[in-house]
Amino acid sequence: MSAATRQAVCAIARRRWLESLSACALIGPAMFLLLVLFILPAMAVLAIAATDWQFGARTLRFVGLQNFAQLLEDETFRRSFLNTLVFVGATVPVTVVLSLALALVIESGRSLRAFYRAVHFLPFMATLAAAAIAWEALLHPTIGLVNQVLGSFGVTGANWLRDETTVLPALGVIFVWKNLGYALILFLAGLKAIPADLYDAADVDGADDVIARLSTVTLPLIGPVAMFVLIVVALRAFEVFDTIKVLTQGGPAKASEMLLYTLYVESFEFMRTGYGAAIAVVFLAIVIGLTLLQARVLDRRVHYQ
Amino acid sequence: MSARRLSLAPALARHILLCATGALMLVPLVWMVSLSLKPPGEIFHASFSLWPTQWYAGVNYARALTTAPLPRFLLNGVIVCAAIVVCQIAVSAPAAYALAKLRFPGRDFAFGLVLVGLLLPHQVLALPLFILCWQLGILNTYAALILPFVVSPFGIFLLRQFFKAVPDDLVHAARLDGFSELAIVFRIMLPVARPAVIAFATLSVVAHWNDLFWPLIAVRAEHLMPPTLGVVAFRNEEAGSDFGPLMAGATIVVAPLILAFLAAQRWFVEGLMVGSVK
């Protein structure tokens, strides 16, 4: 190796070393905070879930999977889990189907597209804690607009948020109202991504009325987008919390008890820290499952294009 | 579906349908504003009229503003959201640059940590974060509202994607011009990736302005409450069934984000599109 080469090698090695050093300086703070605020807390939740710790207590015992066994027996948790599944199972398909239908109608014409999009999207921008208060007035048994309208048709309304049979549907309606516009803009973007020449090709093949275009081009191609929207909306449905906290506190008689609210109450009101952590682990498993599914759908979508 | 023009009848049907669904979507918000303008008599004497016969907005809004420190809640919201966004960008941008443009040992591992962080919903971490804030003695301060969010895995992820698309030549040229690596991040990369930064900032502000879960855990003192927590406290304590002032308070809390959205629709829609992949 000549002196010149050696010098060049040294220079490259030196540059590499400097690059690594500055990279560490740049990424260090983020990595430290990521570790302290995300990774370690996640591990802590798993660890705490295996103890009987109550916040403030000086002692704690390792109890293994006992908290999870207790969850299975716990009437409140079972109710909460079931309610959540029913809520997700009902609101997600409704939100997805309605938003897709709206997106198709909006895209079917040219005028006022942006206006209609904005109007339907507005509820998503309304801070839910405050909007829930508006819904409470709307659903009020005597002076609420809903019961007034029903009354004028001769139908007796219910005390929507205080009745065991209507509280979950009422919260479902608020969820759909809030999230419809969000699903809508995702679908509108999906529809825009369908190449126009596919419609021309369908035209040539004789599929020239609305129904034929819909069934030959739009719906088959919107499939992956719909799957994606479905998961995004499902994630939001599993996370429903604000309306329960503001309007029902899980009642009446636990009829609106749902996963995240139960987690909140056990962890931060009853201070049953270990038990609350076990609920958090269940919630985490659901969210991770859905997110990984979403990543796979996203991958597939990339391959389509 | 675009390509063709609709003939008159379907076009009309489209407008009628969309106006109807649009009106339905707006009912809760319109009704909220309408009640905030009416005196108690009109509210309880059920009527469909949107417009009050007796103009009572002054009294309702004055009551809302004097019984609860609503402006203070809004100010808290602005302070907390601004601090969170600034911290997130200041922390995420250098990290994203290192992941996108620099070679160093452990890069894949670091990126792996970011992806794991992306998977973790915040509600799950609330319990250990609550304990952390308690240990640090910052519960019931602004710091407790801000600290858990100073780093955003999604911010790092998103900026990395954008920074990767910036040509290496630009980075080399900047180095030859004597820019430090930090200066490259903030004076070259961030301006080039402006659409991503705006989208991310909008997304972050919407998420934290609307958050009720963490503030509920982190603060108790009224003067620290963000708008979400404040309006709920206002309802529980003051305005039980006094609907006029209550709706006025709700309107004041809902208004800022709605107005911001109407003023900068494109940013919001783009931000949320980008955010949906999270």
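Predicted model: local features only at pLDDT ≥ 70, side-chain atom pairs only at ≥ 80, totals over all residues.
1. A residue counts as buried if 20 or more other C-beta atoms lie within 10 Å of its own, as exposed if 12 or fewer do, and as partly exposed in between, with the C-beta atoms placed from the backbone. A:Gln249 is partly exposed because 13 other C-beta atoms lie within 10 Å. The residue A:Gln249 sits in the loop between helix 10 (242-248) and helix 11 of chain A, and its phi is near 50°, a positive value in a residue other than glycine. Helices here are DSSP runs (H or I, at least four residues), numbered from the N terminus.

2. Residues are numbered from 1 along each chain as its sequence is written, and chains are lettered from A and ligands numbered from 1 in the order in which they are written.

3. Is A:Glu269 buried or exposed? It counts as exposed, because it has 10 C-beta neighbours inside 10 Å. A:Glu269 belongs to helix 11 (residues 259-269) of chain A, and its C-alpha atom is separated by 37 Å from that of A:Gln148, which is 121 residues apart from it along the chain.

4. How many residues of chain B are in contact with chain A? There are 77 of them, and they are in contact with 77 residues of chain A, where contact means that the C-beta atoms of two residues, placed from the backbone, lie within 7 Å. On the side of chain B that touches chain A, the largest share, 13 residues, comes from helix 1 (residues 8-36) of chain B. By class, that side has 63 nonpolar, ten polar and four charged residues; Ala, Val, Leu, Ile, Met, Phe, Trp, Tyr, Cys and Pro count as nonpolar, Asp, Glu, Lys and Arg as charged, and the others, Gly among them, as polar.

5. A nonpolar core is a set of buried Ala, Val, Leu, Ile, Met, Phe, Trp, Tyr and Cys residues joined through C-beta atoms within 7 Å. The largest such core has 177 residues, of which A:Ala134, A:Leu184, A:Phe187 and B:Ala250 touch the most other members. Leaving aside its neighbours within four places in sequence, A:Ala134 is in contact with B:Pro28, B:Leu29, B:Trp31, B:Met32, B:Met247 and B:Ala250.

6. Within chain B, the axes of helix 4 (residues 70-101) and helix 10 (residues 181-192) come within 10 Å and cross at roughly 95°; axes are lines fitted to C-alpha atoms, for helices over the stretch in contact, and angles run from 0 to 180 degrees between N-to-C directions. Helix 4 of chain B is therefore roughly perpendicular to helix 10 of chain B, a term for angles of 65 to 115 degrees. The residues of this contact divide into eight nonpolar, no polar and no charged.

7. Chain B is divided into domain 1 (8-62) and domain 2 (67-275), with bounds that come from an automatic or database domain assignment. The C-alpha centres of these two domains of chain B lie 34 Å apart.

Note on methods: Helix = DSSP H or I, 4+ residues; strand = E, 2+ residues; numbered from the N terminus. Parallel < 35°, antiparallel > 145°, perpendicular 65-115°, else oblique.
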